[in-house]
Amino acid sequence: MPGTISGLRVRPQLTPDLRAKLRESAERTALTGEPDHELLTDFRKSGLTATAVPAEYGGAGGDAREVNRVVEELATVNPSVAIIAFQHFAVSSRIAEWGTEQQKSDLLPLLADGTHLAASAWSETGAGAAKQNLSSTGTRRTDGGWELNGAKSFTTGASIADLYLVLVQTEQPDQGPRRAYGAAGQTFFLVTADTPGLVPDLSLDLAGMRGSATGFVSMERCVVPDENRLGPEGRATEIIAGVRDSGATLGAVAIGAARAAFDLAVDHAERRGLTERPTVRHRLVDLATRLESARALVERAGARTSSDPGMTTLHSKLYASTAAEEICLDVARMLGSAGYVTSSRLNLLLADARAVALMGPTNDLARELVALTWRS
């Protein structure tokens, strides 16, 4: 667990031992397509799970800059675990921002020490990237609790999470102007994995993020008390709108994957004596410049220094994920036949970088969200 030295907060660190285990796990899960439970046990014990939890609840008190830093470092060796961590940090932050005092005191210490891993269950088939037209529902019971029914898709952490932040429709959406993300009448609930009626399903066979336990989560007559509701009833869009303003960005995952690909290019060039050629050196510099530019935008998002932090977060996700995919492709061209084998780590990194563009908000939706700000 993170602590303090002479009043200074100690930042969670990725140790050499955990780094080595993460790299080995990435190779294994690329073949199996299944989460590595042994590795995740080590991650729970690492102290990294405390990153986004406020210090008063046993956490490290990290801000968005710290979240982005930790996620990037994880992604350099294992993007699948990086995205699991990103979702865990996101749920921790939402509870810290919107939770009741009881929710904070009950859940945040467990999220900090790794007893609980958290996941977001927002997406579902037919709702689109904008999370509208949800078919999953929450119905108020006579005892004041709620019954949740429906199915969520592309939930990272399905089956390994102990706590899910679930988005459902609790009222009929009004007929007013459509929102860019989410819809009126939606509500968030905190649902523990042992709740009867909640069933994860890992039947998805993904091309990338193979160890991320991304799958489906179904809810059938899943009963939770009103105390498990996060935030105001029917006003989940307010929570969603604040997510990107936080500065934590999926761009950090993309940067980690791009860094790893760039390191492969440098290693390839050095082992073959290619760095003696100016053309090769200059190609590597161009890659490094693109990587550094994307990283700077991610860091700016985390620092929240722009006049519109939410827009900067969207731009950082867009640019970093696009740059990461392009960097991986350029490295593939540099490696030639050496990178054109199934065992090449570069192929895994390319698939992982591509996955970031498809994660919420997807790049196309992010473009729409930015473009909406230009309309009068």
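Trainee: Leaving aside neighbours within four places in sequence, which residues is Val71 in contact with?
Mentor: Val71 is in contact with Ala82, Phe86, Phe89, Ala252 and Val253, when its neighbours within four places in sequence are left aside. Contact means heavy atoms within 4.5 Å. Please note that this is a predicted model, in which local features need pLDDT of at least 70 and side-chain atom pairs count only at pLDDT 80 or more, while totals for chains, interfaces and linings use all residues. Residues are numbered from 1 along each chain as its sequence is written, and side-chain values use heavy atoms, with hydrogens and water left out.

Trainee: What makes a set of residues a nonpolar core, and which members of the largest one touch the most other members?
Mentor: A nonpolar core is a set of buried Ala, Val, Leu, Ile, Met, Phe, Trp, Tyr and Cys residues joined through side-chain atoms within 4.5 Å. The largest has 54 residues, and Leu22, Val71, Leu74, Val253 and Val331 touch the most other members. Among the elements that give two or more residues to this core are helix H1 (16–32), helix H3 (64–77) and helix H7 (251–271); helices here are DSSP runs (H or I, at least four residues) and strands likewise (E, at least two), numbered from the N terminus. H7 provides the largest share, 11 residues. Apart from this core lies another, of 21 residues, including Val53, Ala118, Phe188 and Leu190.

Trainee: Why is Cys222 called buried?
Mentor: Buried means under 20% relative accessible area, exposed over 50%, and partly exposed in between (1.4 Å probe, protein chains only). Cys222 has 0% relative accessibility, and therefore counts as buried. Cys328 is also at 0%, so Cys328 counts as buried.

Trainee: How many disulfides does a search of the whole structure find?
Mentor: The search finds zero, a disulfide being a pair of cysteine sulfur atoms within 2.5 Å.

Trainee: What makes Arg304 partly exposed?
Mentor: Arg304 has 43% relative accessibility, and therefore counts as partly exposed. Its phi is near 55 degrees, a positive value in a residue other than glycine. Arg304 lies in the loop between helix H8 (278–303) and helix H9 (309–335).
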